[in-house]
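Grab a pencil and work through these exercises with the model open beside you. Try each task on your own before you read its solution.

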Amino acid sequence: MPSNLNTGNYVLLILLKSIPPFKSSTLVTMCYSFFLKAFLLNLAILIQMHAVVSGSNLHTDQVALLKIKSRITNDPHGVFRLWNDSLPICKWLGVTCGRRHQRVTSLNLTGKGLAGSLSPFLGNLSFLSNLEQLELGSSKLIGVLPDSVGNFSPKLNYIGLGENYISGSLPSSIGNLFGLTEIDLSLNNFTDMIPESIGKLQNIERLYLVSNAFSGIIPPSIGNLSYPTKLYMGANKFEGTIPSTLSSCKKLILLSLFQNNLRGSVPKEIFQLSSLSIVLDLGENNLSGVLPQEIGNLKNLGHLDLSENRLSGELPSSLSSCISLESLDLSSNFFHGSIPEALGSLRGLEYINLSRNNFSGPLPTYLQKLDLKDVDLAYNNFEGEVPVKGVFSNTSIISLIGNHRLCGGIPDLHLPKCTASDSKRSTRKLSIRVVVVISLSSTVVGLAVVSFLLFHYCKKRNTNKQLDTVSTKSFEKISYGRLFKATEGFSLENLIGTGSFASVYKGVLDESGFTVAIKVLNLNLRGGFRSFMAECDALRNIRHRNLVKIITSCSSIDFQGNDFKALVYDFMPNGSLESWLHSIHQMLDLAQRINI
């Protein structure tokens, strides 16, 4: 192409030369030639204008991205090293352009460890008029979301800002992004109420707000959403009642509201959401009332967690209709009565936790026939003889402690032997004098034993006072989200070591500042679950001053709905006993070794 011609003129010159000269001088031929040349001239002008506009638009995208780069203070992976004129913008790392218009359609910088300020540059992304996906998760970004987020491209369908340090409130302008199908703001420091405008996001399918500090009521407008399938809103500070408008979300398969300050009864409408198939987690709130018969509508539900609330009454027999149930956690409530026989029909049930309630009566024998992996019935008022088959034959998967009226069972349960009926009848025939003598003798012996134990306890407490370094909140239930945040997403920087069935991470609990060691079991390995239960059983029965003190455990599910089990120990900053005994850098003298 000659240097003095631009693209449009060059195309026009080629097209004009391609027109054959006309041989006739008729008027028709002249008109034909005139209109053809005029058409080709307009076509060339349009081509030239398109090239100019495209170049201008791409330059606008480039300016917006460079402003983002200017606000980043730490780029450990060198993401922005090639964000310059040496490469076309569409080949910059993390940038994707559309095939047709060559405009930026996606910005994905997730997991790059970027650190910097969010709010000054996020508004610049509004110039990316073709942006469809924005992914800046798993970084160290700070700041607040500006109101200008509502000016983002109407084509935007995904915002991923999870695992950062973003604070402030969620701007109401978020409701302008009608094209959004997924929002991930989890594991940040957002506060204040969720705006009512959230109900305008008619295309939203997945909403991740877990592990923040959102407060106030859950806006009833959330029931206006037509297509949500997963709502993660746990580990916040929501108050008030659960909005019954959630029952309008007919495609909801997962609802997680755990660890909030929600109160009142669970709306019956929630139990009528037959679409729920993965998780219904309302644990660690202040919910009260009884479970309605409508709970039987959850025929497709896999995991139900109502633990650590103030629920009461007897379990409804309609629970037997939840035929897909695999995990049932009703622990730490005020339920009473016997366990209904109807639960025996739940053949897929693997995990049952009914501990710390007021259940009574005999243990249901049908539990022997279910293929259970973990059953916790501790601290209730069960009575009578313990069966010896099935789940009751394995102490690593059954817990019955705190039920003082139980007897029998396998020897490993260490329960008293059951008294024969004839022995009971003969006992009733003892004279009052004998009963009084036995009672007085038992009282004297009991007082002596109690005095001895108190003396021994006080002496041991004074001797081992330096070992009590963990807060009084030991053995409280801890969620997956808190462990995830404590370890910065179980990052490699916090990995202490690995073993056959588990990995150990260092973590700092945000609410207390305590440094802990978190042992995460790999349940995908054969024997992983059995290892977890065996360790729990051993730690429950063993005490020694040279054993690391266990703080609590976590038996839950992760953000993908997979089983998650971990043990939380006191962190030992001086390393392991093995490193001290066998290291060439740290020498122990003979007296220290004998003392250990």
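**Exercise 1.** How do the residues of the lining of the second largest pocket divide into nonpolar, polar and charged?

*Solution.* Start with the ground rules: this is a predicted model, where local features need pLDDT of at least 70 and side-chain atom pairs count only at pLDDT 80 or more, while totals for chains, interfaces and linings use all residues. Residues are numbered from 1 along each chain as its sequence is written, and side-chain values use heavy atoms, with hydrogens and water left out.

Step 1: find the lining, which has 22 residues, with Ser-139, Lys-140, Tyr-165, Glu-488 and Ser-491 nearest the pocket's centre. (On a 1 Å grid over the protein atoms alone, a pocket is an open set of points where a 1.4 Å probe fits, with protein on both sides within 12 Å along at least five of seven lines; lining residues have an atom within 4 Å of a point.)

Step 2: sort them, and you get 6 nonpolar, 10 polar and 6 charged. (Ala, Val, Leu, Ile, Met, Phe, Trp, Tyr, Cys and Pro count as nonpolar, Asp, Glu, Lys and Arg as charged, and the others, Gly among them, as polar.)

Step 3: look at helix H7 (residues 480-486), which gives the largest share of this lining, 3 residues. (Helices, H or I with at least four residues, and strands, E with at least two, are DSSP runs numbered from the N terminus.)

**Exercise 2.** Work out which strands stand at the edges of the open sheet.

*Solution.* Step 1: write down the order of the 7 strands, S16-S18-S20-S22-S24-S26-S28, with parallel pairing. (Two strands pair if DSSP finds at least two bridges between them.)

Step 2: check the ends. Strand S16 (263-264) and strand S28 (405-408) each have a single partner strand, so one side of each is left without a neighbour in the sheet.

Step 3: zoom in on S28, which pairs with S26 over 4 bridges in the parallel sense. Here Glu-385 sits opposite Cys-407 in S28.

**Exercise 3.** Is Phe-359 buried or exposed?

*Solution.* Step 1: locate Phe-359 in strand S24 (residues 358-361).

Step 2: check its relative accessible area, which is 0%, so Phe-359 is buried. (Buried means under 20% relative accessible area, exposed over 50%, and partly exposed in between, with a 1.4 Å probe and protein chains only.)

Step 3: look around Phe-359. Its contacts (heavy atoms within 4.5 Å) beyond four places away in sequence include Leu-315, Phe-335 and Asn-380. Phe-359 and Asn-380 are 21 residues apart in sequence, yet 5.4 Å apart in space, C-alpha to C-alpha.
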